[in-house]
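Q: I would like to go through this model with you. Could we begin with the ligand and its surroundings?

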Amino acid sequence: MAFIAKQKVNGNDYYYLRKSVREGKKVKSICLGYLGKNKKEAQEKMEELLKSPKREVKRMEKDKLDRRDISIEELSIFCKRRGFVYPSGDIYGGLAGFWDFGPLGVELKNNIKKEWWNFHVTRREDVVGIDGSIITSPLVWKASGHVDSFSDLFVVCKKCKKPNKIDKDELGKVRCGCGGEYDEKTAKEFGLMFKTNIGEKGESYLRPETAQLIFTNFKLVQENSRKKLPFGIAQMGKSFRNEIAPRDFLFRCREFEQMELQYFIDPSKLDDCPFYEKIKNTKIGIWSSSSQENGGEEEILSLSEMLEKKIFKNKWHVYWLWNSYQWFLNLGVDKNNLRLREHRKDELAHYAQAAVDIEYKFHFGWKEIFGSHDRGQFDLGEHEKFSKKDMKILDEETHEKKLAHVIEASFGFERAFLVFMIDSYFFSKQRNNFILKLHPLLSPIKAAIFPIVKREDFEKFSEKIVDDLNKEWNVVFDRSGSIGRRYSRNDEIGTPFCITIDEESLKNKDVSVRDRDTKQQIRVKVLDMKEVLKKLINKEIDFSSAGKLII
Ligand code: GAP
């Protein structure tokens, strides 16, 4: 049964056509359309609507958001304009490959890192964390092979004269983006580690990966945490690479952060993975090395088929790839924009026996955002050789000493940042505005709170809500501009919920909460606000059932 409902906003009456519907045991009232600002007009409009040949009045049309394919240049402009990311030392013209994070960027960064840590360390019994130093003994980098092997080939294009980096085996085979050939005479090997001074005479390097600090601390961590194989050690932090050609905004930087996990396994139990049975039928698009060599395309394979084809050499490697892929999906990345790519033999890193990347479909092509490596016993073995310290651990059952086998899951924070931003970039024709549809857990600001008009009693009421919510989350009190302007400003920076205080709020001690993605609004009691917001941020409840649906 349809009926007319009046809503008072800012002293004005607004009339809506509503209808009661039963959902399970509950009866809900849903909005069918807007009827205007006076009762007579509303009555006439309702009769007209109900007389229409279809009789069944359609529910108010939902806002449709269209994904916008944003280029990396457009994204960098957006990030600077909105305070996410700035070129480092911008007032001096910036410095290639170095970036600073602004007020919204640092919040998003902290949220990404927090979600990574929660997922990979806090919620797991079998993983502990460390925080190693950026500069360590130079012998670490000798033992790891970085001093001798961590280099690219520096080349200059004969036509456009731009420098570039290529792999050592690519000289004479690949061309510059402009079509020009690379000059073979001036090609030279270029070490990627930054050297730095220590005291008067000492020298070392800024770490090019966080992984080695995990290997060098392996025995101490194992003893302190009393972990038995298999177990993992995770770390997040800065890495530095003197990239020949930093490019594509945050994609290839000289200073960046990695979020890495090394998982240590008994070498005789590489297939004893308790999670494998549950995940083995998961199908994912993969561009295998054989397909790359034969000029083929990616194919959809189940994880068990990938293992049969020896893309992975053991079940633990399959699991860690799946788990990392899942992290992106859980935080809302569209799986159609992700695929896997197996490394060809000729491009495997010096420490890896097998490697599978996760790639993202960027505007400039499919590119690596995550790397998983089967590092075998390479790192612990090399550190044992160079340091002359025993890196094996005792198997209490068999009384054998074992050198653990390592599977690595390596995320680059900047690339994850790009993926979350690009994948969230939507446009609403109805609103004529961009909407940054970030997962609420990642959103820099969780809620914007605003009084519907400037009035002292509304502002006081709003301040109390802000004080209460910002004990848990980053929320803002947004007072300037019209309501519409405030909504669109918050939609554009990804604020998932806008909380409005109006005349009714003072009387009923409730507020209206608006959902960024659907524009739906619910009424929530102030006393329940924290609990409701928590569930909404964690996506534990559907927005329309989190309160009394009003629009
Ligand atoms: N510990 C293994 C390792 O460092 P990698 O494939 O060289 O492996 C892992 O790097 C991840 O680090 C990459 O998937 C990427 O996300 C990130 N990364 C590497 N170089 C980067 C750069 N120059 N700028 C930004 N991120 C980078």
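A: In this predicted model, a nitrogen atom of the ligand lies 3.5 Å from an N or O atom in the side chain of Arg 415. The protein covers 93% of the 550 Å² of accessible area that the ligand has on its own.

Q: What does the side chain of Arg 375 do with the ligand?

A: An N or O atom in the Arg 375 side chain is 3.5 Å from a nitrogen atom of the ligand.

Q: And which ligand atom is 3.1 Å from a polar backbone atom of Gly 412?

A: That is an oxygen atom of the ligand.

Q: How many residues surround the ligand, and which are the closest?

A: There are 21 residues around the ligand, the closest being Glu 209, Arg 241, Glu 260, Glu 368 and Glu 408.

Q: Changing topic: where is Asn 314, and is Asn 314 buried or exposed?

A: Asn 314 sits in the loop between helix H10 (303-308) and helix H11 (315-330). Its relative accessible area is 2%, under the 20% cut-off, so Asn 314 counts as buried.

Q: Which backbone nitrogens does the Asn 314 side chain reach?

A: The side chain of Asn 314 reaches the backbone nitrogen of His 317 at 2.9 Å and that of Trp 316 at 3.4 Å.

Q: What is Asn 314 in contact with, leaving aside neighbours within four places in sequence?

A: Its contacts are Leu 270, Asp 271, Leu 307, Asp 374, His 405 and Ile 407.

Technical notes: Residues are numbered from 1 along each chain as its sequence is written. This is a predicted model: local features need pLDDT of at least 70, side-chain atom pairs count only at pLDDT 80 or more; totals for chains, interfaces and linings use all residues. Side-chain values use heavy atoms; hydrogens and water are left out. A residue is near a molecule or strand if one of its heavy atoms lies within 4 Å of it. A polar contact is a pair of N or O atoms within 3.5 Å; within protein, one must be able to donate a hydrogen and the other to accept it, and residues adjacent in sequence count only if both atoms are side-chain atoms. Accessible areas come from the Shrake-Rupley method with a 1.4 Å probe; for residues, only the protein chains shown count as cover. Helices (H or I, at least four residues) and strands (E, at least two) are DSSP runs, numbered from the N terminus. Buried means under 20% relative accessible area, exposed over 50%, partly exposed in between (1.4 Å probe, protein chains only). Contact means heavy atoms within 4.5 Å.
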